[in-house]
Structures are given as structure tokens and as C-alpha cells.
Amino acid sequence: MGMKRPGGDYDGQSQRRALLKALLIITALCGMLFFVINSRRGVMILAYLELGAAVASLALYIVVRRTRRLLLWTLLYLIPFLTIMMIALYMPRSSPSVFLWVYIVPVLCHLLLGQRLGLAVSVFYILVALVMFLYKNPAYLHSNQYAEIANITLSLAATLAFAYVYEFSSHRSRSDLMVMASTDPLTRLANLYRFREAFDYEKRRALRLNSPLSVLVLDLDHFKAVNDSHGHKVGDLVLIHVAQRLRERLRGTDLPCRVGGEEFTVLLPDTGRDEAVLVAETLRELIEQQPYRGGRLVIPLSCSIGVAEWGADGDTIDELVEAADQRLYIAKQRGRNQVVAEG
């Protein structure tokens with residue numbers, strides 16, 4: 001469905017958090033080492049900058065362990081780190097080998113910032129580094145050593161391209177894994193994992209906006225008879241048929257979910273009990289009016305639905321589903337093919 005997927009700590013974030021923590025430790029150790037080296041060489045400005053980077057890295061490590069604003073703190077680490085690298089390139093007494101550090105810029109930026117932002121930051125600092133290099137080494141221009149300049153530029157461009165392609169393929173792989181982990185393989189609806197995650201997101205939103213939130217639990221009537229009479233393959237086709245009907249009728253912000261067997265749940269943001277009952281009746285009528293058709297085979301369908309409203313019937317997803325499930329059971333006892341919202 002078109003509902004915005006709530007973000008967990010995966011989608012690359014847990015990986016980036018672990019990488020950033022490792023880099024902060026490495027940066028702190030390297031900063032202390034180069035503070036000693038540059039102090040002995042008499043490059044005191046650079047030495048104190050590296051000492052400051054080491055101290056800041058240790059402080060950031062404590063913050064990064066738990067922050068939810070990982071991108072912000074990543075930028076607060078990466079931009080000063082890369083800027084110090086550029087200053088080191090500019091310093092008159094710095095070693096020419098400092099330029100070698102520029103080759104890690106595209107790798108770090110893409111791993112920590114993702115595709116687009118990583119590419120933008122990488123290109124900016126690579127261009128700055130090339131300008132610094134040519135400024136400090138004008139002989140490359142004056143003596144027509146264009147082959148050397150081309151080698152440096154092309155090798156940096158290749159590193160940048162490799163980093164971008166790697167991050168692009170990794171992002172697609174993570175996205176595919178998240179879809180697989182949150183989708184019912186038969187109906188392609190959301191599964192229970194995604195349903196719980198979406199409820200947490202919508203609950204926070206409802207609290208913030210003071211908006212209603214409801215849940216439906218829907219169960220097909222006499223579905224066991226369908227499997228017994230026509231086989232499980234036809235039963236699966238019936239479930240796919242019902243899933244398609246749910247997609248057709250629900251809003252893009254609603255989230256239908258198959259939780260197992262012939263049972264479905266629906267998350268209805270910005271929907272109170274009365275509106276949820278109307279939605280449930282619409283779904284019940286739709287399923288009743290559109291039987292499954294496969295060639296000459298026609299299977300009449302009906303469903304029973306229980307309705308629960310967040311706040312009035314519970315605060316957690318388990319409480320709401322339990323309340324809706326109890327009302328679903330009442331609907332079954334009353335003869336099936338009906339909606340129950342109280343009791």
C-alpha cells in the first residue's frame with residue numbers, strides 16, 4: 001500500500017552506526033598519534049587540530065551509541081574530519097603523502113551518508129583536495145605534467161564511482177531484504193512484523209496530532225470448507241483474491257495485513273470507531289458481492305470483522321487486536337458475515 005513505512009534501525013542505520021563508532025575510535029587514536037608526530041615536527045596548528053579531533057571523537061562516540069539523529073551526528077563528525085584533512089593538505093610543512101588520505105573520502109562518505117549525500121560531499125572535498133594539491137605543487141602545471149594530473153584525477157574518479165556503485169547495490173539489497181522481511185509471501189500484503197512496526201509509528205503520530213486510530217480483524221467465514229472441497233491451491237487463490245479486494249477499497253494510508261491462515265488485520269490511521277465500522281461494512285459487502293471466480297469455479301465468500309479503537313479499547317497493539325478478535329468471535333457466534341464493534 002502507499003503508506004509510508006516507519007523506519008527501524010535497519011535500512012542501513014544499524015550498519016552505519018556500527019561503522020561510525022569504529023571510525024570514531026580510529027579517529028581518536030590517529031588524532032593522538034599525529035598530535036605527537038606533528039608536535040615533534042613543529043607543525044603545532046595541525047597538531048592541536050588533530051588533538052581536538054581526537055577529544056571530539058571520544059565525546060561523539062558516547063552520543064552516537066544511542067542517538068536517533070544519526071545523520072546529524074555523522075555530519076558533525078565527518079565535515080570537521082574532512083576539513084582538517086583539507087587543512088593538512090594546505091599546510092606548507094605537511095607531508096605530500098597526506099594526499100593519500102583523500103582516497104578514503106568517497107568510501108567514508110558513501111558508507112556513512114548513503115548514495116546522494118555521500119556523492120555530493122565526496123565530490124566537493126575531492127575537488128577541494130585537487131585544488132589544494134595543484135596550489136601546493138604548481139610544477140605539475142608549469143612543467144606540463146598532465147599525465148600525472150590525469151592519473152590522480154582518474155584514480156579518484158574511479159574510487160568515487162566504485163564507492164557509489166557499491167552503496168547503490170547495497171541499498172537495493174537492504175531494501176529487498178526489508179520487503180521480504182515485512183511482506184506475506186502469498187498475498188504480498190504486509191505481515192505481522194510490519195503491522196506492529198506501522199502501529200508504533202501511527203500511535204506516535206496520533207499522540208502528536210491528537211488523531212484517532214482504529215484496527216480491524218477480519219476472518220473469512222467457512223474457509224476450511226474451501227480447502228477441504230477444492231484443495232489448498234484454490235484456497236491460496238481465494239486468499240490472493242481477498243487481498244486484492246482489500247487493496248482496491250482501502251485508502252493509501254491504510255495498511256492491510258495477513259497475520260496467518262484466513263485472518264487479516266487492517267490499520268486505519270485518522271479513523272475513529274464509527275468511521276472504522278463503515279470501512280468494515282464496506283469491506284464485508286465487497287467480499288460478499290465479489291466471489292472468487294476461477295474458470296467455471298465460483299466460490300461465494302463472506303467474512304466476519306471485529307473493530308477496536310485505540311484509547312477506548314487499549315493502548316498497545318496486542319490489546320487492540322485482542323479486543324477486535326473478541327468481537328470477531330462474537331460476530332461468528334451471531335451467525336457470521338457481520339461487523340461487531342462493541343462487546
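The model is a predicted one. I287 belongs to helix α11, and the points below begin with this residue and its helix.

- Leaving aside residues up to four places away in sequence, I287 touches L218, L220, V242, L301, S302 and C303.
- One of these contacts, L220, is 67 residues from I287 along the chain, and the two C-alpha atoms are separated by 9.2 Å.

**Helix α11**

- Helix α11 runs over residues 273–289 and has 17 residues.
- From first C-alpha to last, α11 reaches 24 Å, close to the 24 Å expected at 1.5 Å a residue.
- Besides I287, the buried residues of α11 are R273, A276, A280, L283, R284 and L286.
- Viewed down the axis of α11, the buried residues fall within an arc of 165 degrees, so they line one face of the helix.
- D274, L278 and Q289 are exposed on the other side of α11.
- The cover over the buried residues of α11 includes the strands β1 (213–220), β3 (263–269), β6 (303–309) and β7 (339–340).
- Helices α10 (232–249) and α12 (317–333) are also included in that cover.

**Helix α10**

- Helix α10, which is part of the cover of α11, has 18 residues.
- The reach of α10 from its first C-alpha to its last is 26 Å, close to the 26 Å expected at 1.5 Å a residue.

**The largest pocket**

- The largest pocket holds about 520 Å³ of space.
- It is lined by 24 residues, of which C30, F34, E50, F81 and W101 are the closest to its centre.
- Helices α1 (13–41), α2 (44–64) and α3 (70–90) each supply at least two residues of the lining of the largest pocket.
- The greatest contribution to this lining comes from α1, with nine residues.
- By class, the lining of the largest pocket comprises 16 nonpolar, six polar and two charged residues.

- R188 is not a glycine, yet it has a positive phi of about 65 degrees.
- The location of R188 is the loop between α7 (146–182) and α8 (192–209).
- R336, also a residue other than glycine, has a positive phi near 70 degrees.
- R336 is found in the loop between α12 and β7, two elements that are included in the cover of the buried residues of α11.
- With a relative accessibility of 33%, R336 counts as partly exposed, because this class lies between the 20% and 50% limits.

**H142**

- H142 is situated in helix α6, which spans residues 139–142.
- The relative accessible area of H142 is 67%, so this residue is exposed, the limit for that class being over 50%.
- H142 and R296 are 154 residues apart along the chain, and their C-alpha atoms are separated by 84 Å.

Methods. Residues are numbered from 1 along each chain as its sequence is written. This is a predicted model: local features need pLDDT of at least 70, side-chain atom pairs count only at pLDDT 80 or more; totals for chains, interfaces and linings use all residues. Side-chain values use heavy atoms; hydrogens and water are left out. Helices (H or I, at least four residues) and strands (E, at least two) are DSSP runs, numbered from the N terminus. The expected span of a helix is 1.5 Å times one less than its number of residues. Buried means under 20% relative accessible area, exposed over 50%, partly exposed in between (1.4 Å probe, protein chains only). The arc is that of the directions from the helix axis to the C-beta atoms. Contact means heavy atoms within 4.5 Å. On a 1 Å grid over the protein atoms alone, a cavity is a set of points where a 1.4 Å probe fits but cannot get out, and a pocket is an open set with protein on both sides within 12 Å along at least five of seven lines; lining residues have an atom within 4 Å of a point. Grid points are joined across faces, edges and corners, and a volume is the space filled by probe spheres set on the points. Ala, Val, Leu, Ile, Met, Phe, Trp, Tyr, Cys and Pro count as nonpolar, Asp, Glu, Lys and Arg as charged, and the others, Gly among them, as polar.
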